[in-house]
Amino acid sequence: MRALASLIALGLLGCDDPLAYPQDIDRMRVLGARVSVEGDVSRAWPEPGESASLEWLVADPEPAPALGWYFEVCPAHATSRGAPECAGDVFASGAAPALSPALPRFDFVVPAAPGERVLVRGLVCRDALAQGLGTSCPENREQVLFDVVVGGPARQNANPTLADASLFLGAEPWPEATPSELAGTSCAAGDLSVPSGEERTIRVQLDESDREPLDDPTGLGPPREPLLVSHFATHGRLSRPLSVIEGSASELSVSVPWRAPGDAAGERVRFYFVVRDGRGGADWSVRTLCLLP
């Protein structure tokens, strides 16, 4: 479960302010990482010799901040406690060639044997390039860790997906945000809107295909993967940062209340949803709405 622990720390506990709410996007935040394999984006566990991509979800109070980044990958120590560490030399690294609003993406070839792990560590900066882990960035910076499980023909894990999930704002279907909505801060006629100060319940409906059976020879554990849904917002207040669907649950939906701020009429709010399967698989989706007086 080290990938899960790394991402919870990365997405929920990375804030230096102990009084901050982890579900609030009040500064640049790295909320999650998603592994994909060349030729098969659904697989979260690459096999030895395959090309893997690790993409990072970055959120910010501004809609499209300029990002710089640096990542490197090394063999990971075989331990299930504490932060993952390198067990050998770095064998691949990369940095953003220029500042860009695009999500950071790091590609590398997996050299390890099935059942082992490799550790990706790095740095994401806002408004500054990063050329190494010791790069001096402004205050808006996030150090990241993620260990990638190496699979094999008989040992695989698929990413869950939010692409086919149903999201609702109250009883109203909530479509995925368009590029123009994500890039803007002001509202337009016809946008999905909520009056300032009002509360709405957000519901995320997942599918049975988003979780896989677990191989537990004892038969004592849950029959399928748990699913963890993290939720974040740039304005207002979600009641909590994380919802859990247990592996034994038959209902694959989560609901979380959100209260609109009372003093931000005309602003566009962005919501980030990240689903994880507890074994390194992940996906995300972004929604927006506008605040009315």
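Me: What does contact mean when I look at Trp174?

Reply: Contact means heavy atoms within 4.5 Å. This is a predicted model, where local features need pLDDT of at least 70, side-chain atom pairs count only at pLDDT 80 or more, and totals for chains, interfaces and linings use all residues. Residues are numbered from 1 along each chain as its sequence is written, and side-chain values use heavy atoms, with hydrogens and water left out. Not counting residues up to four places away in sequence, Trp174 touches Leu167, Phe168, Leu169, Leu192, Ile202, Phe271, Phe273, Arg287, Thr288 and Leu289.

Me: Which residues have the most contacts inside the largest nonpolar core?

Reply: In soluble globular proteins, nonpolar side chains tend to be buried together. A nonpolar core is a set of buried Ala, Val, Leu, Ile, Met, Phe, Trp, Tyr and Cys residues joined through side-chain atoms within 4.5 Å; buried means under 20% relative accessible area (1.4 Å probe, protein chains only). Here the largest such core has 27 residues, and Trp174, Ile202, Leu206, Trp258, Phe271, Phe273 and Leu289 have the most contacts inside it. Apart from it lies another core, of 25 residues, including Met28 and Val144.

Me: Is Thr234 buried or exposed?

Reply: Thr234 is buried, with a relative accessible area of 13%. Leaving aside neighbours within four places in sequence, Thr234 is in contact with Ile25, Asp60, Arg268, Val269, Arg270 and Tyr272.

Me: What does the side chain of Thr234 reach at 3.0 Å?

Reply: The side chain of Thr234 reaches the backbone nitrogen of Arg270 at that distance.

How values were computed:
Buried < 20%, exposed > 50% of the residue type's maximum accessible area, 1.4 Å probe, protein only. Polar contact = N/O pair within 3.5 Å; in protein donor to acceptor, adjacent residues only side chain to side chain.
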